[in-house]
Amino acid sequence: MADRPEWDPMTDLMSVQKQMNRLFESALGKVGFDADAGLGAWAPTADVYDEPGRRVFCLELPGLSLEDIGVRIDADELIVEGDRRMEREQAGEQFQRVERSYGKFLRKFRLPSNVDRGSVRARYRDGVLTIGLDRNDDVEPERFEVAID
C-alpha cells in the first residue's frame, strides 16, 4: 500500500480564501465598487445616457445644497463629490430608525475620447444634478499599431 501524503487543512483553507477573493473582486468590479470610499459609503444613484451630440450624467442628490457638491474633470474622468450631513433639529432627539444615507461621497465616470471636456455644463434642480458634455460622433477613437521587437 502506497503512502498517502498527509492532509494539510491550511492549504485547503488558503485555496478557498483565494477563490473567494477572486469572486468578490470580480463581483464588486462589475457594480463599480469604489475601494477608496470603502464599505458602507454612500454613493448616489446615477443615469448616464447619450442624446444627439451630447453625453449626459444625472445624479440624485436630494437634500444637498450647491455648496455641498463639487464637479470636476480630471484627465479622462468626470468626478462628482460631496457631503450630506445629518442635521439634528433639537438636542435630545433619539432616532428610532435611520434609513437615509449620510456622509461624503465620490463618483467617477470615464469620459469617452469624443467628448469635448471644455463644453461641460451642470445644473442642479429639485435634488437632481445634470451634467452635459458635447460629443463629436464623427471623431473615431485614436488607434495606432504598435511595433513588436
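1. The model is predicted: local features need pLDDT of at least 70 and side-chain atom pairs pLDDT 80 or more, while totals for chains, interfaces and linings use all residues. Residues are numbered from 1 along each chain as its sequence is written, and side-chain values use heavy atoms, leaving out hydrogens and water.

2. Strands are DSSP runs of E of at least two residues, numbered from the N terminus, and two of them pair if DSSP finds at least two bridges between them. Six bridges join β3 to β4 (residues 77–84).

3. The structure holds one aromatic pair, where ring centres must lie within 6.5 Å, and planes under 30 degrees apart count as stacked, over 60 as edge-to-face and the rest as tilted. The rings of F57 and F109 have centres 5.3 Å apart and planes at 55°, so this pair is tilted. F57 in β2 (residues 54–60) and F109 in β5 (residues 103–110) are 52 residues apart.

4. Eight salt bridges are counted, each a side-chain nitrogen of Lys or Arg within 4 Å of a carboxyl oxygen of Asp or Glu. D50 forms one with R55, at 2.4 Å between the closest N and O atoms, and another with R135, at 3.1 Å. D50 lies in β1 (residues 46–51) and R135 in the segment after β7 (128–134), so the latter pair ties together parts 85 residues apart in sequence.

Technical notes. Rings of Phe, Tyr and Trp (its six-membered ring) pair if their centres lie within 6.5 Å; planes under 30 degrees apart count as stacked, over 60 as edge-to-face and the rest as tilted. Helices (H or I, at least four residues) and strands (E, at least two) are DSSP runs, numbered from the N terminus.
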